[in-house]
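Here is a briefing on a structure. It covers helix packing, chain contact, domains and confidence.

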Amino acid sequence: MFGQLFWKECVQTAKSLIYWLIVIILILDFSTQLGNTNIKKMPERGQESYGTRVSNDRAFIMKRTLENLILEYERGSYTTYPIGFYKSVTLNEKEEARIGEILKEAAGVSEKELKEQKSMSDADIDIGPAADLTYEKFEELMDEADDILGGGSSYAADYRLANAQEEMTYEEAVEEYQFLVEKDRLSGGYARLFSDYMVIALGFIPVFLAVTRCMRDRRAKMQELIYCRRAPAWMIIVSRYLSILIMLIIPVFLLSMPLLIECVQFAKGIDITVDILAFVKYILGWLLPTIMVSSAVGMLLTELTDTALAVLIQGIWWFVSIFSAGIMRIQGGLYGWNLMPRHNTEFNYTGFQDGFSQLASNRIFYASLAVLILALTVFVYGQKRKGRFQIRGKIMADRKDKSKA
Amino acid sequence: MERLWQIEKINLKHNILLHVLVSLALLGLSPFLMGVENLGAQDTAKVLEMYVALIGIILIPPVFLPEQSQEIRELVSSRYTGSHIVYLVRLFGNIAVLALVLGGYVFMLSHNLCEFPEIRYYLGTLAEILFLGGMGLFFYGLSDNLIIGYMMPAVYFILAVGSGRKHLGVWYPFSMTAGSYTEKVWLSAGALLLIAAGIMLRCRRSGSGRKY
């Protein structure tokens, strides 16, 4: 029975207007963002620029970050970007004093020297890390400063790295390229780039399909008829959910083909074997958990409220996730707990390797969360079948909570 | 006139009250998410264009919501007052609410010492609000599906965030942040067309204009 239900749901989805609109949107998204992607060639000597990279010179990172901190401390106002939007933070006396202490400890200066630095013009500020300051202690102090400022400041883990960007040398650019060709076997890097662009749309769009599919029963006046069928609640909900996932993942797989073909053709010229399954791995590992969450949120809130509330909730989640990614996070390596992990380059294999366990935890967490939300949806659906939870857009509608069964 | 006011009163009380509350909640949430004090012109434009303008998607597409059900639509179209009059009253009512809410927000920004050309930013944001909402209304009218009405402007917003000016040209919604207002004129014209087309499509579907 499950197979039949699943197939029916797939057919219903394939016949719906919204599904084909989503397919068109995904094609548009792919063609505008990745349609003209050329596979990168080996850098040549004498290029004007080889790109930038985060300095791995810890002393440099510490110096630049502390200089920034003293500048803001001097002004008495701190710039933060909690969700990517500018915010100026002014601290109270106690918090300001703590920032002063952090500065003294990190830079190894006395109260008098700190006051001297404070009175200097911006250009003359010269402050560095204390001789005995370890990088771990520096990180701890800067994390505390960021906490005091409410997050998103220049002292947060990823922004401190942004303070220390530097131009790449030819040798470093060649090394990056070799990682792409040898470790990533070309297709790995491009599969990450593909995932980076597609995850933006897939963090939000699945909710529309899920909401439409769940509302359709009521609009077609089939809700009660389905409620009294023999199929258990879990079977109806899980088959619907799986059909949504499968129907959404199919166009994503198809869209990855042009880029994979480009990689294969390019690889023939430089005699390397691409990883044919790279896109499959990244789509399932990187994109699927995001699609799972977005669809599950859509199903739960629609079953619970019979309204389009899920669009608003997922919209807010998308908005906060996309804008809080920050300038450094989109370059990959710092995946955190964002619903839409970013890696906006085919390079930075080292960053991917370093952040892999974080990324894996992130993806496992969201996949598990989606399963939990799905289980809640099954519960709500089961209760509705018994005549409970008849909210229908009204906040207090279910106060009597009497079963019709 | 009395009849029109009655339609609007019912609209405010029963149809869009929740949408207005959600919009106010979103705007009320903004000081916790972003700075709304002492902003320069560019940062103020960013707040207005990338955040505040989203209330257009919440408040304009629901103009057709009460007639989501075919039976109610048929009942409304059988009344002496044509559906198009009902839709227009609701639409202007919702736009008036939007204009007021936006005005309040712009006043708050100005009061919080943000430095920006108030009138220009107000009109520019209103143009974007109407374009986003108009797009929702058009697709809702075209497809008879509220979710599509929400999805299309949301996708337009995502496209603007993702690919920026390159692909959208004069339809780029965040132009004030870059100091340009030309796009806002295009957005206003586009909004008018989309709203008019949306209402026409909906009226054709519900057989408006026929009076029994």
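Helix 13 of chain A and helix 17 of chain A form a left-handed crossing (left-handed if the near helix is turned anticlockwise from the far one by less than a right angle, right-handed if clockwise). Helices (H or I, at least four residues) and strands (E, at least two) are DSSP runs, numbered from the N terminus. This is a predicted model, in which local features need pLDDT of at least 70, side-chain atom pairs count only at pLDDT 80 or more, and totals for chains, interfaces and linings use all residues. Residues are numbered from 1 along each chain as its sequence is written, while chains are lettered from A and ligands numbered from 1 in the order in which they are written.

**Helix 13 and helix 17**
- The axes of helix 13 (residues 278-305) of chain A and helix 17 (residues 356-385) of chain A come within 8 Å and cross at roughly 20 degrees (axes are lines fitted to C-alpha atoms, for helices over the stretch in contact, and angles run from 0 to 180 degrees between N-to-C directions).
- Helix 13 of chain A is therefore roughly parallel to helix 17 of chain A (under 35 degrees; over 145 is roughly antiparallel, 65 to 115 roughly perpendicular and the rest oblique).
- Contact residues of helix 13 of chain A include A:Trp286, A:Pro289 and A:Met292, and those of helix 17 of chain A include A:Tyr366, A:Ile373 and A:Lys384 (contact: C-beta atoms, placed from the backbone, within 7 Å).
- The residues of this contact of helix 13 with helix 17 of chain A comprise 18 nonpolar, three polar and three charged (Ala, Val, Leu, Ile, Met, Phe, Trp, Tyr, Cys and Pro are nonpolar, Asp, Glu, Lys and Arg charged, and the others, Gly among them, polar).

**Chain A against chain B**
- Chain A brings 23 residues to the contact and chain B brings 24 residues.
- Helix 2 of chain A gives the most to the side of chain A that touches chain B, with six residues.
- That side of chain A has 17 nonpolar, five polar and one charged residues.

**Domains of chain A**
- Chain A is assigned domain 1 (2-43 + 174-385) and domain 2 (52-167) (bounds from an automatic or database domain assignment).
- The centres of domain 1 and domain 2 of chain A, taken over C-alpha atoms, are 38 Å apart.
- Eight residues of domain 1 of chain A are in contact with nine residues of domain 2 of chain A.
- Helix 15 of chain A gives the most to the side of domain 1 that touches domain 2, with four residues.

**Confidence**
- Chain A averages a pLDDT of 88, and 93% of the residues score at least 70 (pLDDT is the predictor's confidence in each residue, from 0 to 100).
- Among the elements of chain A, helix 13 has the highest mean pLDDT (97) and helix 15 the lowest (66).

Definitions and conventions: Contact = placed C-beta atoms within 7 Å.
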